[in-house]
Amino acid sequence: MSNSTAIHYLFLSGLGDSARDLLKFQGLLDIKNWNTLIDYYGGNPYFLNSISTVIKNLFGGKISEFLRYETLFPGEDITESLTQQFNRLSELEQKIIIHLGQNPNEIMLSEFQSNLKLSASDVLKALASLGQRYWIERLELENQIYFTLQPMLKHYIQAMQKPGF
């Protein structure tokens, strides 16, 4: 019996250089601001496509005008999509995402354990699952591993915590 049942994953971390092509195709102006917009939306093609439509319709395609408001704008379609995805997460995964969304800084594994009173095993399982779903980002700073959310996801979680969401 061969071991041919292995599962292979392809990690996609946003569009990379293709994100610039998407913005060009969308007819967005202010090339010098493209990277800022791409960073805000994590290079996510769905997010970038959605916000490009908003920028074209409300700001005549001028990213600089949109960025003057210094806010992430998820739009109704993105909010609905994120809500559906969030609701499919386990209770523990939701708890971790909310904790990340409420903290302005990156969080170490040990902080999840102490702040949320969770076992290392539970935290590791939840982080592994969230990583596979691309809800979290892992960062290495000064030889330490931290976890965070993309700015768009952090904005969504913070908005979700407000009354009337």
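A residue counts as buried when its relative accessible area is under 20%. By that cut-off, 37% of the 165 residues of this chain are buried. The model is a predicted one. The chain exposes about 10400 Å², and carbon and sulfur atoms supply 51% of that area.

Start with the overall layout. The chain has nine helices and three strands. Read from the N terminus, the elements run α-α-α-α-α-α-β-α-α-β-β-α. Contacts also reach across the sequence. Among those with a separation of 6 or more, 61% join residues 24 or more positions apart.

Next, the strands. Strands of a sheet pair through backbone hydrogen bonds, either parallel or antiparallel. Here three strands form an open sheet in the order 1-3-2, and the pairing is antiparallel. Strand 1 (107–108) and strand 2 (137–141) are the edge strands, each pairing on one side only. Strand 1 and strand 3 run antiparallel and are joined by two bridges. In this arrangement Ile107 stands opposite Phe147 of strand 3.

A pair of aromatic rings is described by the distance of the centres and the angle of the planes. The whole structure holds five aromatic pairs. In one of them, the rings of Phe59 and Phe66 have centres 5.8 Å apart and planes at 70°. Planes over 60 degrees apart count as edge-to-face, so this pair is edge-to-face. Phe66 is buried, with a relative accessible area of 4%. Phe59 reaches 21%, so Phe59 is partly exposed. The cut-off for buried is under 20%. Phe59 and Phe66 also belong to one aromatic cluster with Tyr69.

Now back to Phe147, whose ring pairs with that of Phe112. What are the distance and the angle in this pair? The centres lie 6.3 Å apart and the planes are at 55°, so the pair is tilted. This pair links distant parts of the chain, since its members are 35 residues apart. Phe112 sits in helix 7 (residues 109–116), and Phe147 sits in strand 3 (residues 144–148). Both residues are buried.

Leaving aside neighbours within four places in sequence, Phe112 is in contact with Ile96, His99, Leu100, Ile107, Lys117, Leu118, Val123, Leu127 and Phe147.

In soluble globular proteins, nonpolar side chains tend to be buried together. The largest nonpolar core here has 41 residues. Which of them touch the most other members? They are Leu37, Tyr41, Ile97, Phe112 and Trp135.

An α-helix has 3.6 residues a turn, so residues three or four places apart point the same way.

Is Ser50 buried or exposed? Its relative accessibility is 12%, so Ser50 counts as buried. Beyond its neighbours within four places in sequence, Ser50 is in contact with Pro74, Asp77 and Ile78.

Terms used
Residues are numbered from 1 along each chain as its sequence is written. This is a predicted model: local features need pLDDT of at least 70, side-chain atom pairs count only at pLDDT 80 or more; totals for chains, interfaces and linings use all residues. Side-chain values use heavy atoms; hydrogens and water are left out. Rings of Phe, Tyr and Trp (its six-membered ring) pair if their centres lie within 6.5 Å; planes under 30 degrees apart count as stacked, over 60 as edge-to-face and the rest as tilted. Buried means under 20% relative accessible area, exposed over 50%, partly exposed in between (1.4 Å probe, protein chains only). Helices (H or I, at least four residues) and strands (E, at least two) are DSSP runs, numbered from the N terminus. Contact means heavy atoms within 4.5 Å. Accessible areas come from the Shrake-Rupley method with a 1.4 Å probe; for residues, only the protein chains shown count as cover. Two strands pair if DSSP finds at least two bridges between them. A nonpolar core is a set of buried Ala, Val, Leu, Ile, Met, Phe, Trp, Tyr and Cys residues joined through side-chain atoms within 4.5 Å.
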